[in-house]
Every structure is written in structure tokens, then in C-alpha cells.
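Let's take a friendly walk through a protein model together. Keep the picture at hand and look for each residue as we come to it.

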Amino acid sequence: MALGKDYVQQQCSIARALEVVGERWTLLVVRDAFYGVRRYSDFLSHLGAPRAVLAARLQALVDVGVLDRRRYQDAPPRDEYVLTDRGLALWPVLRALGAWGRDELPGTTPMRHFHHIVCGTELATSGECPACGVPVPPADVEMRPGAGLDPDPADPVARALLRPRRLLVPLDPEATP
């Protein structure tokens with residue numbers, strides 16, 4: 001029996017959320033948007049998703065209000081994708097999923113560490129700052145490379161993400177450190 005494409009028979013908020021973010025590439029697109037990736041070509045180079053799949057995922061995320069498409073160049077027309085408030089609300093989900101993967105899957109070495117910009121303290125799994133005792137919004141988070149990252153990645157986005165950087169700040173893979 002073929003697996004359906006939706007969860008219409010399920011009366012559950014988790015099933016409804018999976019309608020939006022449950023496809024394999026979708027949360028990785030959202031993750032990269034938090035990392036500052038905004039342009040189609042940068043998503044493509046970093047994720048390695050097939051072009052048609054990436055285009056469909058970006059459009060679907062725009063359609064449900066997780067991403068906003070903004071024109072940054074008219075000739076030729078080019079757009080960038082920016083998280084909306086609805087997209088920003090996925091930050092705790094990504095934090096929790098990343099922590100679960102790190103803590104529960106054997107052999108997983110931390111790829112990234114997330115620190116509170118205000119005091120420099122590494123965030124707890126919950127996304128709170130242990131030193132300040134407050135939940136930290138993504139705009140106040142600095143991402144630092146962890147021991148699990150490839151020190152010499154092939155794609156320019158991954159190379160740019162080897163440097164500490166504030167979340168949500170537009171990524172320029174061509175910028176030199």
C-alpha cells in the first residue's frame with residue numbers, strides 16, 4: 001500500500017505540523033535559513049537537494065508562511081528567502097531535534113555549538129541561557145563550529161559556516177574571513 005501524502009485522517013497537531021515540515025528536505029532548508037542562507041544557489045550548494053525538490057520545498061515554505069520571498073535583483077530576477085515569524089517559531093523544534101540527534105544517536109559528534117551573544121554562555125538543550133536564566137531568541141544566538149564538522153568542506157556555504165556567526169545574519173559564502 002502506498003504511503004499517503006497527507007494526514008487528513010489524523011486529528012492531531014503533530015500530524016498538522018508534519019504536513020508543513022515533515023518532508024525530508026524541509027527542516028534542512030529551515031535550518032539553513034537560520035544559519036543565514038537566503039539564496040537559492042546557496043541552499044542548492046549546501047544541501048545537495050535535487051533542483052526540482054529544492055524549488056518545491058522553498059515554494060511550499062513560502063506558501064505556508066514559514067519563509068518570505070524577497071526580490072534582491074531585477075535583471076535577471078533573483079529572490080532570497082527569509083524566515084517569517086512563523087518560521088522563527090521553529091527554532092525550538094530545530095534545537096530539540098539537534099540535541100536529540102547528538103545525545104541519542106551513538107557516534108554523533110557535536111557539529112555546532114550555540115551561545116548566548118549577551119554573555120557568551122553555551123545554551124542549554126532547551127534553548128535557555130544557563131547563566132542568565134532566560135530563553136534566548138535566535139537573533140541573540142552565536143553559532144560556533146564543533147569538532148564534528150569537516151575542516152575542509154567542498155561547498156562555499158559549509159566553508160563560511162566554519163566561522164563563528166550570529167544566526168539569521170545573511171550569509172555571504174564568497175566573503176573572506
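This is a predicted model: local features need pLDDT of at least 70, side-chain atom pairs count only at pLDDT 80 or more; totals for chains, interfaces and linings use all residues.

We can begin with a cysteine: cysteine 119 is partly exposed, with a relative accessible area of 36%. Residues are numbered from 1 along each chain as its sequence is written, and side-chain values use heavy atoms, leaving out hydrogens and water.

The rule used here asks for a pair of cysteine sulfur atoms within 2.5 Å. For cysteine 119, the closest cysteine sulfur belongs to cysteine 129, and because the two sulfurs are 3.4 Å apart, they are too far for a bond. Elsewhere, cysteine 12 is partly exposed, at a relative accessible area of 30%. How many salt bridges does the model have? The count comes to eight, where a salt bridge is a side-chain nitrogen of Lys or Arg within 4 Å of a carboxyl oxygen of Asp or Glu. One of them joins arginine 31 and aspartate 32, with 2.9 Å from N to O. Arginine 31 is partly exposed at 23% relative accessibility, whereas aspartate 32 is buried at 0%.

Another salt bridge links arginine 71 with aspartate 79, their closest N and O atoms being 2.6 Å apart. Arginine 71 counts as partly exposed, with 47% relative accessibility. Arginine 102 and aspartate 103 also form a salt bridge, and here the closest N and O atoms are 3.0 Å apart. Arginine 102 is partly exposed at 31%, and aspartate 103 is partly exposed at 47%.

Finally, look for leucine 105, in the loop between helix 6 (91-104) and strand 3 (112-116). Helices (H or I, at least four residues) and strands (E, at least two) are DSSP runs, numbered from the N terminus. Leucine 105 is partly exposed, with a relative accessible area of 40%. Together with Leu97 and Trp100, Leu105 forms a nonpolar patch on the surface, and the three have about 310 Å² of accessible area together. Patches are made of residues with over 30% relative accessible area and no salt bridge; like charges are joined within 9 Å, and nonpolar side chains (Val, Leu, Ile, Met, Phe, Trp, Tyr) within 5 Å. The areas come from the Shrake-Rupley method with a 1.4 Å probe, and for residues only the protein chains shown count as cover.

Key. Buried means under 20% relative accessible area, exposed over 50%, partly exposed in between (1.4 Å probe, protein chains only).
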